Amino acid sequence: MEIAIVTDSTCDIPADLVTKFNIHIIPNIIVMQGRSVEDGTGISRREFYDRLPEMNPLPTTSTASSGAYQKLYDELFKQDIDQIISIHASSILSGIFNAASIAANDFGERVHVVDSQNVSVGLGFQVLEAAEAVQKGNSVKTILASVASVRQRVRVVAMLDTLEYVRRSGRISWARARVGSLLRIKPFVEVVKGDVKRLGDARTRRKGINRLRNILLDLGPLERLAIMHSNAETDAQEFLASLEIHPPYKPFIVNATTVIGTHVGPNGLAFAAVIK
């Protein structure tokens, strides 16, 4: 049985792994100064974060249409694919899962749409688990069980440089009334069952990075690890080097997609970890 893996551009999987595991990605949409572009085209991530503080109004984001998913599913089935597993960003934080689900209705039980209950590499690790299981020749049932296992064990924790972008995005209800950016604190957040929760603050960036390291090290042995950042590459590299841990899967560093960066702002630092 031929099985295809589909996801969306919030997964933050490095391009070499996308190619290696033949993962199909639908780009989301970012709107800058009245112009809509697909995530990953028209502007690099580095340039986006460099320009973001000066953008007025702030960019907005939207999901690809259900028609885009329907078209991809149809194309894959015409290529002799038997089943599709389509894994997407948290349904609480985005309409992506809903768009994919609507598209899947036209294909009956041949398309399995999964809510990752996460974002960025928290989603990406579930996609990679599925893609690797496909290459091993596993059944759909086994693959979905493996993905569910990773979903239960993945942790995504981030230190933001400011709450201002989260507040202005309007996506997180508790952030609307917070004034953390005015106090120059470094807020901590975690994705928990698909939603973003506060984990407190740090008074300085250095203290924040140390706290992020302690949170990660306290998780115990890891199966997978990625460090995410929003134009804070030096901090990300130093952070990874300081950990001195070597999980079975080689850790990687990724500059977070612009669709996520719009809502968190520049100079963020985060990790996604799958606990053994």
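These legends accompany several close-up views of a predicted model.

**View 1**
Start with helix H3, which covers residues 66-78.

**View 2. Where H3 meets H4.**
The axes of H3 and H4 cross at roughly 50° and come within 8 Å. That angle makes H3 oblique to H4, and the crossing is right-handed. On the H3 side, the residues that meet H4 are Ser66, Tyr69, Gln70 and Tyr73. Their counterparts in H4 are Ile96, Ala99, Ala100, Ile102, Ala103 and Ala104.

Most residues other than glycine have a negative phi, and most peptide bonds are trans. Just after H3, Asp80 has a positive phi of about 70°. Asp80 sits in the loop between H3 and E6, and its relative accessible area of 61% makes Asp80 exposed. Ser120 also has a positive phi, of about 50°, although it is not a glycine. Ser120 belongs to helix H5 and, with a relative accessibility of 4%, counts as buried. For a cis peptide bond, look at the link between Asn56 and Pro57, where omega is about 5°. Pro57 is part of the loop between helix H2 (45-51) and strand E5 (60-62).

**View 3. Ala130 in helix H5.**
Ala130 is a residue of helix H5, which runs over residues 120-135. With a relative accessibility of 0%, Ala130 counts as buried. Which residues does Ala130 contact, leaving aside its neighbours within four places in sequence? They are Ile5, Ile87, Ile143 and Val147. To get your bearings, note that Ala130 and Asn118 are 12 residues apart in sequence, and that their C-alpha atoms are 15 Å apart in space.

**View 4. Helix H8 and its surroundings.**
Helix H8 has 13 residues, and the distance from its first C-alpha to its last is 18 Å, close to the 18 Å expected at 1.5 Å a residue. Its buried residues are Gly208, Ile209, Leu212, Arg213, Ile215 and Leu216. An arc of only 160° around the axis takes them in, so they are on the same side of H8. They pack against strands E8 (154-159), E9 (186-192), E10 (195-202), E11 (222-229) and E13 (269-275), as well as helix H9.

**View 5. Where H8 meets H9.**
Finally, helices H8 (residues 205-217) and H9 (residues 233-243) pack at an angle of about 45°, with 11 Å between their axes. This angle makes H8 oblique to H9, and H8 passes H9 in a right-handed crossing. From H8, the contact involves Arg205, Ile209, Leu212, Arg213, Leu216 and Leu217. H9 contributes Asp235, Phe239, Ser242 and Leu243.

Definitions and conventions:
Residues are numbered from 1 along each chain as its sequence is written. This is a predicted model: local features need pLDDT of at least 70, side-chain atom pairs count only at pLDDT 80 or more; totals for chains, interfaces and linings use all residues. Side-chain values use heavy atoms; hydrogens and water are left out. Helices (H or I, at least four residues) and strands (E, at least two) are DSSP runs, numbered from the N terminus. The expected span of a helix is 1.5 Å times one less than its number of residues. Buried means under 20% relative accessible area, exposed over 50%, partly exposed in between (1.4 Å probe, protein chains only). Contact means heavy atoms within 4.5 Å. Axes are lines fitted to C-alpha atoms, for helices over the stretch in contact, and angles run from 0 to 180 degrees between N-to-C directions. Angles under 35 degrees count as roughly parallel, over 145 as roughly antiparallel, 65 to 115 as roughly perpendicular and the rest as oblique. A crossing is left-handed if the near helix is turned anticlockwise from the far one by less than a right angle, and right-handed if clockwise. The arc is that of the directions from the helix axis to the C-beta atoms.
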